[in-house]
Amino acid sequence: MSRFWSPAIHALEPYVAGEQPKIPGLVKLNTNESPYGPSQKVLDAIAATSGERLRLYPDPASTGLREAIAKRFDLAMDEVFVGNGSDEVLAFTFAGLLKHDAPLLHPDITYSFYKTYARLFEVKVEEIPLDDGLRVRIGDYDRPCGAIILANPNAPTGIALPLTEIEKLVASHPDQVVVIDEAYVDFGAETAASLIPRYENLLVVQTFSKSRSLAGLRVGFALGQRPLIEALERMKDSFNSYPVDMLAQAAATAAIEDEAWFDEARGNIIANREMVTKALEARGFEVLPSSTNFVFARHPAHQGADLQRGLRERAVLVRHFNKPRISDFLRVTIGTTEECHQFLEAIDQII
Ligand code: PMP
């Protein structure tokens, strides 16, 4: 605290990201990164962009990247917005689209950055509890509101809603923006992008950080009809004229075009997720049905915090949330096959 701070700073509740350790050799299953490096085509695109050209500003409109994303989702380029990670896309969304007199609705257990942004941008929020199975129940969102944001699949539970449920939510709130944050959608859920031509109130947000192995470059994007995308462009142009750097634009463009690498990487992660799920269940864990690159699991005889500590002592990092209803659980990112086995061996030593 300091007398130099603006009053708004005192009210902030900053998001606390998972540990990014400095010591080598840890099995890092705590922040849902991909265990695989990006494709060779991505590395080639970065190499081709480096060097003398870096003295220039990047394309402020990220034209090539937006074209490549639009092509993949069968949309027009001007229905795509890109930013520095989906966190920044979400920040612009909160500031530009979600602040109204009526409250923004979001689940009480979800990506905790939503609460941080709501504080930062003074968005009134009403949290909607998950049901007894830690699921989002669409009917619970049938109430007066200014906007809605859901992560689908949800985090940290990993549970996805089917597209039919998402469409029901979007269709029943024609006068409110409905944001679907699809950070983990590529690991087994269905994107709502196909609904965009029919629903002017739908904004879909995705990231290159997970299924495309580019967390280090910070690229995310939003898909929606023009009025919503235009709001994000206005926010961006009032904030940073060159948000996505030249290397990130080149790498992400190559990443979205390399379908073969993408399918192989996510296929491996899904197979390892099923392996880890079965192995944990065989050890007495309850594992929520995951459509993501992580599992959310608890053991009836071991506290989540104790398990996390025991794993840390064995050089395995996982995430634990000290929050009501989920403090028993561990969130474990799906790593390489070897990392998954190292995790399971450490679990065997603990329980
Ligand atoms: N949404 C959800 C649900 C997430 O879990 C994350 C990653 N922690 C993000 C968005 C942000 O990802 P990024 O900024 O790396 O695109």
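Student: At its relative accessibility, does Leu 134 count as buried or exposed?

Tutor: Happy to take you through it. This is a predicted model, in which local features need pLDDT of at least 70 and side-chain atom pairs count only at pLDDT 80 or more, while totals for chains, interfaces and linings use all residues. Residues are numbered from 1 along each chain as its sequence is written, and side-chain values use heavy atoms, with hydrogens and water left out.

Leu 134 counts as buried because its relative accessibility is 7% (buried is under 20% relative accessible area, exposed over 50%, partly exposed in between, with a 1.4 Å probe and protein chains only). Leu 134 sits in the loop between strand E4 (125-128) and E5 (helices, H or I, have at least four residues and strands, E, at least two; both are DSSP runs numbered from the N terminus). For background, most residues other than glycine have a negative phi, and most peptide bonds are trans.

Ser 62 also has a positive phi, near 45°, and is likewise not a glycine. Its place is the loop between helix H2 (40-49) and helix H3 (63-73). Ser 62 is classed as buried because its relative accessibility is 2%.

Back at E5, follow the chain onward. In the loop between strand E5 (147-151) and helix H6 (163-171) you find Pro 153, which is joined to Asn 152 by a cis peptide bond with omega of about 0°. Pro 156 belongs to the loop between E5 and H6 too, and a cis peptide bond links Pro 156 to Ala 155, with omega of about 5°.

Next, turn to the ligand. The residues around it are Gly 85, Ser 86, Asp 87, Tyr 111, Asp 181, Ala 183, Tyr 184, Thr 207, Ser 209, Lys 210 and Arg 218 (being near means that a heavy atom of the residue lies within 4 Å). Helix H4 (residues 85-97) contributes the most to this shell, with three residues. By type, the shell divides into three nonpolar, four polar and four charged residues (Ala, Val, Leu, Ile, Met, Phe, Trp, Tyr, Cys and Pro count as nonpolar, Asp, Glu, Lys and Arg as charged, and the others, Gly among them, as polar).

Look at the ligand's oxygen atoms here. A polar side-chain atom of Thr 207 lies 2.5 Å from one such atom. An N or O atom in the side chain of Tyr 184 is 2.7 Å from an oxygen atom of the ligand, and for the side chain of Arg 218 the distance is 2.8 Å. On its own the ligand has 400 Å² of accessible area, of which the protein covers 92% (accessible areas come from the Shrake-Rupley method with a 1.4 Å probe).

Phe 262 is in helix H9 (residues 259-282) and counts as buried because its relative accessibility is 0%. The C-alpha atoms of Phe 262 and Gly 37 are separated by 11 Å, with the two residues 225 apart along the chain. Arg 298 lies in strand E10 (residues 294-298) and counts as partly exposed because its relative accessibility is 27%. Ten residues separate Arg 298 and Leu 288 along the chain, and their C-alpha atoms are 8.9 Å apart.

Notes: Polar contact = N/O pair within 3.5 Å; in protein donor to acceptor, adjacent residues only side chain to side chain.
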